[in-house]
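Some notes on the overall form and the surface of this structure follow. Please read them alongside the coordinates.

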Amino acid sequence: MREEAEAVDVATLLPPIRDADDAISEAFLAAVEAGLAEGPSDELRARLRDLHEADMGDLLEALPAEARVRLVETLGADFDFTALTELDETDRVGLLSHLPPLMVAEGIRTLESDDAVYILEDLDADDKAAILAHIPAPERVALQRSLDYPEESAGRRMQTDFIAVPPFWTVGRVLDYVQQTDDLPETFYEVFVVDPAYHLMGAVPLDRLLRTKRSVLVTAVKTERVQVVKASEDQEEVARTFERYNLVSAPVVDDAGRLVGVMTIDDVVDVIQEEADEDLRALAGVGSDEELSDTVAYTAKSRLPWLVVNLGTAFLAASIIDLFAVSIEKMVALAVLMPIVASMGGNAGNQTMTVAVRALATRDLGSHNARRIVLREVLVGLANGLALACLLGLIAALWFGNWQLGGVIACALVINMLAAGLFGILIPLTVHYFRQDPAVASGVFVTTVTDTVGFFAFLGLASLWFHLG
């Protein structure tokens, strides 16, 4: 009874880890920092040891850099290195650089191979080599083989731990092997059947394996039509395959058709999130690898190139305004109203562009339906343009007491909304046709078109109608 009471006391020494907003609570963070500063204690180790990897990852990110190192050293062998997969790259690399290579190697050996590769791949070559040197040869060769595959490929994401059996085994022998072998993957969904050269012959789902009599050969129950992933295949293509065929796992083969690993749904979920994040950042002209933990200098440097491009396109729009400087001097209302036309077109263009970029990424938009989608976006631009033109024209006419001015700005808005719908989809399609990433390059060009068309249409129509030139 006394031991049980002590266990309960240890569990209540620290405040709850998360607050009402599901973030690491300030009280918990302060308690951990204080405990680490005073020196490691059994109570602190007991509470931190039982944290889920996701909670530990968030805690590490919330702690100062030096406290992160002390926390890992405090837990020692009890620290779950899986938590490092939850960290931003900058935080993870910074933490690993302050830990002894032997400690990192021992921690990595406890992980699934895909998590181990994920942690190692961003390290400098020297740090990576120092850690791999402490890993036994068979495991080191498997990790190095995965690291040799291109970045963002299935080979980098796959687990190299899987269950493969020869075709002459019976179901009973496979079940005995699974039950009696300790060194098996932590999670698996199927058993693969391979020939002596490890060429994939088929797979047996676990549910089918458990429902089959022990005397039946695995070749009699294997699935031959298996969705296979190539190790060199881009991870985004792999995610698309999982989505299309509703897969939970898929075997990974090398160029010779030999089984080298397996992709599982948890890895694919991470890929989908990463690719969506990359597209979102690219649309804003932000580097695909930028993270919140990056330094000010690195972040500023990565964002500067597209800002320079934006500056150049802004001068193009300014030159259009300069062409009508005399008209603006004669009618000040033009200066007040012209940003509205450009802004509305820019917003409409960005809406169309975002839909187009996402459709291209998911392969929902292609040559088979491009003409229909372009026509649809133009008609949408026309419909919205007519609706907004009536509203804007009425407001402008009442504001300045000039119904002709209201009609001019209404016509200009319809023109710019048509341009926004047309070029909002044509620009991503054109960029994609030249095998560039439409998410990165489209935004600047769409904004440039809507600004220049908007200014030119409004100022040009006003100059002609009111004879201001």
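1. Accessible areas come from the Shrake-Rupley method with a 1.4 Å probe, and for residues only the protein chains shown count as cover. On that basis the protein has an accessible surface of about 24800 Å², with 58% belonging to carbon and sulfur atoms.

2. This is a predicted model, in which local features need pLDDT of at least 70 and side-chain atom pairs count only at pLDDT 80 or more, while totals for chains, interfaces and linings use all residues. Residues are numbered from 1 along each chain as its sequence is written, and side-chain values use heavy atoms, with hydrogens and water left out.

3. There are 21 helices and six strands in the protein (DSSP runs numbered from the N terminus: helices are H or I of at least four residues, strands are E of at least two). The protein is more spread out than a compact globule, because its radius of gyration is 30 Å, well over the 23 Å that the globule rule gives for 469 residues (taken over C-alpha atoms; the rule is 2.2 Å times the number of residues to the power 0.38). Along the principal axes, the C-alpha atoms fill a box of roughly 90 × 60 × 45 Å.

4. Of the 469 residues, 45% are buried (under 20% relative accessible area; exposed is over 50%, partly exposed in between).

5. A nonpolar surface patch is formed by V332, V336, L391, I395, W399 and F400, together about 580 Å² of accessible area. Patch residues have over 30% relative accessible area and no salt bridge, with nonpolar side chains (Val, Leu, Ile, Met, Phe, Trp, Tyr) joined within 5 Å and like charges within 9 Å; a salt bridge is a side-chain nitrogen of Lys or Arg within 4 Å of a carboxyl oxygen of Asp or Glu. Helix 19 (residues 370-400) gives the most to this patch, four residues. I395 lies in helix 19 and counts as partly exposed because its relative accessibility is 45%.

Conventions: Buried means under 20% relative accessible area, exposed over 50%, partly exposed in between (1.4 Å probe, protein chains only).
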